[in-house]
Amino acid sequence: MSSGIARWAPIPLRLMVGYGFAEHGFAKLLRGTDNFTGLLHALGLPAAKFMALLTIATEIIGGICIALGALVPLISIPMAIVLLVAIFTVHLQYGFSSIKLQAITADGARFGQPGYETDLLYLACLVGLVLGGSGPFAVDTWLLGKINALKASATVQHDDTAAEP
């Protein structure tokens, strides 16, 4: 694929991963933090209330940052931790597949608990964005340009002062 086209690949990844995380965070927030706290407590996680608020904040703030391409390598760390905790405390027992058709009834299809497939997809997308970069129209790209301009300016100023007698 042409590198001209390939450079745009991070944009749909950023938008989907960012939206997905933010949506999950807002859903937990809108259902009430006590519901999610109760789930974490039932799973035996320590400091359930704090962990619930931290998870919700990570999902919402992290999702927005990923969608904007802002601080992707940094914000991906707590997001990956959230995914790994979800895999090992909730989804692992249900196997790999995220879609488990249990029955088709007059009311429609009924599905079972999702496995860890979707969590792995999110992890893979985060790794891809960290290793491949945030792409065009990303805050990270803009920040990197500003940092490089400052470095170049500092180098030029340093060279100018070094040349003076």
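A residue is called exposed at over 50% relative accessible area, buried at under 20% and partly exposed in between, using a 1.4 Å probe and protein chains only. This is a predicted model, in which local features need pLDDT of at least 70, side-chain atom pairs count only at pLDDT 80 or more, and totals for chains, interfaces and linings use all residues. Residues are numbered from 1 along each chain as its sequence is written, and side-chain values use heavy atoms, without hydrogens and water.

**Helix α6**

- Helices are DSSP runs of H or I with at least four residues, numbered from the N terminus.
- The buried residues of α6 are Asp119, Tyr122, Leu123, Leu126 and Leu129.
- They sit on the same side of α6 because they cover an arc of only 125° around the axis, taken from the directions from the helix axis to the C-beta atoms.
- Leu121, Leu131 and Gly132 are exposed, on the face of α6 turned away from its buried side.
- Elements covering the buried residues of α6 include α2, α4 and α5, where contact means heavy atoms within 4.5 Å.

**Largest pocket**

- A pocket is an open set of points on a 1 Å grid over the protein atoms alone, where a 1.4 Å probe fits, with protein on both sides within 12 Å along at least five of seven lines; lining residues have an atom within 4 Å of a point.
- The largest pocket holds about 890 Å³ of space, the volume filled by probe spheres set on the points.
- Its lining has 34 residues, and Lys28, Phe36, Glu59, Val82 and Ala86 lie nearest the centre.
- α5 gives the largest share of this lining, nine residues.

How values were computed. Helix = DSSP H or I, 4+ residues; strand = E, 2+ residues; numbered from the N terminus.
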